[in-house]
Number of protein chains: 2
Amino acid sequence: MERIYIKDLKDHAGEEVVIKGFVDTLRDQNKIVFIILRDITGKIQNVVLKDCEDFDLAKDLTEESVIEIKGLVKEEKQAPGGFEIETKKIVLLSSAAPELPIPVNTRKGGEETNITSRLDYRFIDLRKPEKANIFKAWTAFERGMRNYFEKNNFIQVYTPSFMNTSSETGAEVFEVSYFERKAYLAQSPQFYKQMAIASGLEKVFISGPVFRAEESFTTRHMTEFTGWDFEIGFINDHHDLMKSEEEMIKTGFEKIKEDLPELDIEIPQIPFPKITIKEAKEKLEAAGVKGEKEHDLSPEEERRICEIIKTETGNDFVFITDYDISIRPFYHMRHENNPQLTKSADLLYKGIEITTLAQREHRPEILEKQAVEKKMDLNLLSKYLEFFKYGCPPHGGGGIGPSRLFMKMFGYDNVREVTFLPRDVNRLEP
Amino acid sequence: MERIYIKDLKDHAGEEVVIKGFVDTLRDQNKIVFIILRDITGKIQNVVLKDCEDFDLAKDLTEESVIEIKGLVKEEKQAPGGFEIETKKIVLLSSAAPELPIPVNTRKGGEETNITSRLDYRFIDLRKPEKANIFKAWTAFERGMRNYFEKNNFIQVYTPSFMNTSSETGAEVFEVSYFERKAYLAQSPQFYKQMAIASGLEKVFISGPVFRAEESFTTRHMTEFTGWDFEIGFINDHHDLMKSEEEMIKTGFEKIKEDLPELDIEIPQIPFPKITIKEAKEKLEAAGVKGEKEHDLSPEEERRICEIIKTETGNDFVFITDYDISIRPFYHMRHENNPQLTKSADLLYKGIEITTLAQREHRPEILEKQAVEKKMDLNLLSKYLEFFKYGCPPHGGGGIGPSRLFMKMFGYDNVREVTFLPRDVNRLEP
């Protein structure tokens, strides 16, 4: 007999069905046992009467055990959802120890357990339906983005994690024992994306891990996290990149709406508001917010400028553009009419930066000049500089940090909450 | 003026258009210059006459430079493809050095350059249209698989690369300096996939890098490669996994056919042939092929059994099932009626193994017993064993190695040929 998902039981009223899942709640009323069964699609109440052949088994069950139930679907106004199962047979598939290290079912509403314990037992924490929703939404959002990539002829590439040198900066890179030598873990696939452009692939996207050896203990830093990166050839400037990014983000939201209507997600309006960093600073000053850096936004300023833009436009997103060269890497292209400014932007969402994008300088002589200005070691850059010497289309790109996006979308205050198995300075398990 | 892709020029006959791309070939006939321009969609001949304002620029061009051409699309029976462009204007976007380290255009047909040099200059090697096709096909295939995952309610998870212990075996694992301690790079996301099942996510898929510190120098081993992994809860046995895998592979092939009809790819018939390892050995013996191991196939035996099955059934795929426990890991579930055999299978494609799948043992007491039998250190396994103790659905899964799949699909003899930027014992660049 084919297993039926709990969400589909309403289509099977009066039928005998097989359902499978976790024992969410048990209520033993002596002559009757109520089992709330939970699968990935929902919960259903199962009634086990004394004349059921597996009544004793039902009495001995533990919460979070995994069982199969055969029974009759009945309309029952009193039951949550309007249906219940009259249980005919129970098969115990996996027995849970009577004491759980953390609770799944937080009966009083709100989470009772601190985040450290919950992450220690992430495989129990994630059984809460609202947690599964995070990964359903993540999956749907990525599908939407990939629909955008498909429609616009992007090619997916997988870029290596292993690098020969410690990237552009040398700092904050993990070192790996690599046979008789050392390798380093990529902080970003950016140089590889650019190589894809030099390879003539024109438009590429990447989804994969990036690694940061930062000794940061904040709620928005992890040592390993997923990056969604894109790079586009033959662009005019960073405005083309912003246009692409807002479209891919919108298709992501649309797909969540389509696949998970119950989440009632709001689809952002595009185009997103765009203001220069200079304008952002002026708005912040007018609002009485003073940052520490002349050309950059502090986390507090990011929060406040998003509030201001939300009030002005209703949009949760805002692009801050045209950052000063002093706070941007050497490879960002500069404005012809104002070489102090880069053709770059950050995308902020609900108070936090989720993207940095820029047109890259693809002219080797200018790139080299800018590297020297930034006091980079040209020897370390020689391989990077080389792939502009044999023809390279003008190009640019950016990366989206999905954990920050979903943290804000779901109203959490820690990126770990939306990461399947987070890794940070202190955490390498489970 | 919007840029037109070369493949779409046939729809613009008689119009003035802008095209962009690499200078594929230059032919200077004194009073006329022919430029074959190449973009990601094709090639087109551009004629530059003496009265063109950029005639001198055309004469000075180098092959592989990146240019923009404005010109008139004309039908021309003599030109390759039946069209050519009468060039009005040329903009030089990026100038290529006159001497390329490796040729893009192998005029005589066949590749002139050895694989090491080609991989050293992968960003030039990949400009050959037949190489770009590999990554277009890879992208299309993954889209098809994801369509299968979407239709069947799989959730995507991103699993960490960083691990606390050196995995189940301790061998062949890369060690990372992780602040004051050591971390290890995951050889496989398998334990994490199983954790997703214990988390109640029911069906998950993963696409990401896996790392093997093997000192192997063969044509099918790399130190880092992409893995496509899936794990399914509430299965009956490994036959459910084989059914899912053949369907996801078929949808992958179908999507290549749809997106890239010009590749003329053959869609495999499902169900794939399935034979036990015992039957495979009998067939091989009947064909006079003798392997070294009683319960496993050598690379030569893999090749030969695929030939035999291809002859018998016409199929390039074959599942070899029910391997002996001696050559399978402790966590493979065993047949109730024959505990010497595991509920496992390998999928072979055109002579090479591309998947190992199995139902996992989810009952902690049996799992522990099997681990002891295999002389595993239970202390190292304690975290793994723990997540079966609080309820875990019966489950199983497998992983596909796309580089092996595409190597065979495209008729290459080295996985590096179908990997964007391969990494092996000797190679950490570019």
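**Close-up views of a predicted two-chain model**

**Figure 1. A salt bridge links Glu150(B) and Arg143(A).** In this predicted model, the side chains of the two residues approach to 3.8 Å, N to O. Between chain B and chain A the count of salt bridges is 9. Helix α4 of chain B, residues 129–151, supplies 10 residues to the side that touches chain A, the largest share. That side of chain B is made up of 52 nonpolar, 18 polar and 29 charged residues. Across the interface, 50 residue pairs are in polar contact, counting pairs with both residues at pLDDT 80 or more.

**Figure 2. Chain B and chain A bury about 8,200 Å² between them.** The size of an interface is often given as the accessible area lost when the parts come together. Here 60% of the buried area lies on carbon and sulfur atoms. On the side of chain B, the residues that lose the most area to chain A are Tyr158(B), Tyr390(B) and Leu428(B), together 10% of what that side buries. In total, 99 residues of chain B are in contact with 99 residues of chain A. Of the interface residues of chain B, 100% are also interface residues in chain A, so the copies meet through the same surface.

**Figure 3. Chain B is superposed on chain A by a rotation of 180°.** The shift along the rotation axis is 0.0 Å, and the RMSD is 0.0 Å. This is the relation of a two-fold axis. Val176(B) has the C-alpha nearest the axis in chain B, 2.2 Å from it.

**Figure 4. Arg427(A) is buried and touches residues of both chains.** Arg427(A) lies in the segment after α11 (402–409) of chain A. Its relative accessible area is 11%, which is under the 20% limit, so Arg427(A) counts as buried. Leaving aside residues up to four places away in sequence, Arg427(A) touches Thr116(A), Leu119(A), Asp120(A) and Pro422(A), and from chain B Tyr178(B) and Arg181(B). A polar atom of the Arg427(A) side chain is 3.4 Å from the backbone oxygen of Thr116(A).

**Figure 5. Ile270(A) sits in a loop of chain A.** The loop runs between α6 (238–259) and β12 (274–276). Ile270(A) is partly exposed, with a relative accessible area of 28%. Apart from residues up to four places away in sequence, Ile270(A) touches Glu246(A), Glu247(A) and Lys250(A). The C-alpha atoms of Ile270(A) and Asn315(A) are 8.8 Å apart, while 45 residues separate the two in sequence.

Technical notes:
Residues numbered from 1 in each chain as written. Chains lettered and ligands numbered in written order. Predicted model: local features only at pLDDT ≥ 70, side-chain atom pairs only at ≥ 80, totals over all residues. Heavy atoms only, no water. Helix = DSSP H or I, 4+ residues; strand = E, 2+ residues; numbered from the N terminus. Buried < 20%, exposed > 50% of the residue type's maximum accessible area, 1.4 Å probe, protein only. Contact = heavy atoms within 4.5 Å. Polar contact = N/O pair within 3.5 Å; in protein donor to acceptor, adjacent residues only side chain to side chain. Least-squares fit on C-alpha atoms with pLDDT ≥ 70 in both. Buried area = accessible area lost by both parts, 1.4 Å probe. Salt bridge = Lys/Arg side-chain N within 4 Å of Asp/Glu carboxyl O. Nonpolar A, V, L, I, M, F, W, Y, C, P; charged D, E, K, R; others polar.
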